[in-house]
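Here is a short tour to read with the model open beside you.

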Amino acid sequence: MSEPANLKRSRKGTKERPPTAAGRFWLWLAELVFYPVTAMLARVEVRGLAHIPATGPALLVLNHVSHLDPLYDGVTVHRATRVPRFMAKNTLWNVPVLRNVLNGVDQIPVFRQTADARKSLEAAHDALESGKTVIIYPDGTVTKDPEGWPMSPKPGVARLALEHDVPIVPIARWGTRDVYDHYTKKFRPLPRKTVHVRIGEPLDMSAYRGREADPQVLREISELAMGRVRDLLGEIREQQPPAGFYSPRRREDRSRGDDGRA
């Protein structure tokens, strides 16, 4: 963890803080709880933390393999002296106390398959316009790929990337599913695992600036961003990643031997 420690010292003068006293309190409390919890559950090895900008807006694009991911991703971004802002399920706002934490640190509720779904992207747009750091999981949920590779990305990441000239930073993380696997419901903190995080250089979006947000362009941008995340994941796992993205199909498709690759 030498890189995060050194980076934190070098960025001391640019450390981001919530604008309100309540926000600073909730962020302090989250730091007090989640740093030791994540350290207890697994060792963390981070590379490329300096690719997260010290100041200004940034869109961070990540894979999603476990419900533990936000804990480790939030701590990673905070180690870069930024306030992590997730696009999180709106149902979390129904939980007492947690609602106060989410509001205090300016998280973004995601309204899926409802008339309010557009509000999620609007809130993310506003956050980027205000110079904030937004974390997005284009998978949309924990990946259903049995091997843990990314699924076909949702177009929301492309809309945000196309409409804002901000750094788009790909990040891959691996190891959280070894601690908690959502689909098998297995929680295995022992023996202690290692969570690996690789942060890549911001994507070159110059070829897409000024283009219309038609379905083809949105797909290209989404797959560009998630493709880089997939490549970083391959580096962590020391494996050749698949050429395509996993796409859950109907049971009859899988029974015919289709592996679900798009």
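Glu-238 is found in the loop that runs between α8 (215–237) and α9 (251–255); helices here are DSSP runs of H or I with at least four residues, strands are runs of E with at least two, and both are numbered from the N terminus. Phi of Glu-238 is near 55 degrees, a positive value in a residue other than glycine. Most residues other than glycine have a negative phi, and most peptide bonds are trans. Glu-238 counts as exposed, at 73% relative accessibility; exposed means over 50% relative accessible area, buried means under 20%, and partly exposed is in between, with a 1.4 Å probe and protein chains only. This is a predicted model, in which local features need pLDDT of at least 70 and side-chain atom pairs count only at pLDDT 80 or more, while totals for chains, interfaces and linings use all residues. Residues are numbered from 1 along each chain as its sequence is written, and side-chain values use heavy atoms, with hydrogens and water left out.

Thr-81 also has a positive phi, near 70 degrees, and is a residue other than glycine. Its place is in the loop between α3 and β3, and Thr-81 is buried, with a relative accessible area of 2%. For a cis peptide bond, go to the step from Leu-190 to Pro-191, where omega is near -5 degrees. Pro-191 sits in the loop between β8 (186–187) and β9 (193–199).

## Helix α3

How many residues of helix α3 are buried? Eight of the 11 residues in this helix (residues 69–79) are, which leaves α3 mostly covered. The buried set is Asp-69, Tyr-72, Asp-73, Gly-74, Val-75, Thr-76, Val-77 and His-78. Thr-81, with its positive phi of about 70 degrees, comes just after α3.

## Salt bridges

The structure holds 11 salt bridges, each being a side-chain nitrogen of Lys or Arg within 4 Å of a carboxyl oxygen of Asp or Glu. One of them joins Arg-47 to Glu-45, with the closest N and O atoms 2.8 Å apart. Another joins Arg-85 to Asp-106, where the closest N and O atoms are 3.6 Å apart. That pair links distant parts of the chain, 21 residues apart: Arg-85 is in strand β3 (residues 85–89), and Asp-106 is in the loop between α4 (98–104) and β4 (108–110). Arg-85 is buried, at a relative accessible area of 3%, whereas Asp-106 is partly exposed, at 31%.

Asp-106 also meets Lys-132 in a salt bridge, at 2.4 Å from N to O. Lys-132 lies in the loop between α5 (117–129) and β5 (133–136), and Asp-106 in the loop between α4 and β4, so this pair ties together parts that are 26 residues apart in sequence. Which residues make up the network of salt bridges that includes Asp-106? Glu-16, Arg-82, Arg-85, Asp-106 and Lys-132 are linked in it.

## Around Pro-18

Pro-18 has its place in the loop between α1 (2–10) and α2 (21–41). This proline is buried, with a relative accessible area of 5%. Leaving aside neighbours within four places in sequence, Pro-18 is in contact (heavy atoms within 4.5 Å) with Gly-23, Arg-24, Leu-27 and Val-83. Leu-233 is 215 residues away from Pro-18 along the chain, and the C-alpha atoms of the two are separated by 31 Å.

## The chain as a whole

Stepping back, the chain has nine helices and nine strands. Its radius of gyration is 18 Å, close to the 18 Å that the globule rule gives for 262 residues, so the chain is as compact as a globular protein of that length. That radius is taken over C-alpha atoms, and the rule is 2.2 Å times the number of residues to the power 0.38. Along the principal axes, the C-alpha atoms fill a box of roughly 55 × 50 × 35 Å.

Of the 262 residues, 48% count as buried. Among contacts between residues at least 6 apart in sequence, 73% join residues at least 24 apart.
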